[in-house]
Amino acid sequence: MASLTNQGIAMNSMSKARLRLGQLEHALARIDDPEFGLCLNGGEPIALRRLLALPEKVLCVDCAE
Ligand SMILES: [Zn+2]
């Protein structure tokens, strides 16, 4: 049942894509927030490069480790 397996894989990656889309929408909704770009833990600014690469990340590199 190769077709069933492929369908399962396709559905799995689709739900992953949907999850990621939700995270990005969440991040985009926060761009208007004056605290966007600040680490939720320490409040220090998150590197712009990190924000652009991973906009859903809310912790700076130090706190994420
Ligand atoms: Zn931090």
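This is a short tour of a predicted model, stop by stop.

**Before you start.** Local features here need pLDDT of at least 70, and side-chain atom pairs count only at pLDDT 80 or more, while totals for chains, interfaces and linings use all residues. Numbering runs from 1 along each chain as its sequence is written.

**Whole chain.** Show the cartoon. You will find 3 helices and 0 strands. Helices are DSSP runs of H or I with at least four residues, strands are E runs of at least two, and both are numbered from the N terminus. Along the sequence the pattern reads α-α-α.

**Colour by pLDDT.** This is the predictor's confidence in each residue, from 0 to 100. The chain average is 81, and 86% of the residues score at least 70. Select helix 3, residues 61-64: its mean of 90 is the highest among the elements. Helix 1 has the lowest mean, 81.

**Burial.** A residue is buried if 20 or more other C-beta atoms lie within 10 Å of its own, exposed if 12 or fewer, and partly exposed in between; C-beta atoms are placed from the backbone. Of the 65 residues, 5% count as buried.

**Select Gly43.** You are now in the loop between helix 1 (2-29) and helix 2 (48-53). Gly43 is exposed, because 10 other C-beta atoms lie within 10 Å.

**Select Arg50.** This residue belongs to helix 2. Arg50 counts as partly exposed, because it has 15 C-beta neighbours inside 10 Å. Now show Lys57 and Val61. Arg50 touches both, leaving aside residues up to four places away in sequence. Contact means that the C-beta atoms, placed from the backbone, lie within 7 Å. Last, pick Gly37. Gly37 and Arg50 are 13 residues apart along the chain, with 9.5 Å between their C-alpha atoms.

Technical notes: Two residues are in contact if their C-beta atoms, placed from the backbone, lie within 7 Å.
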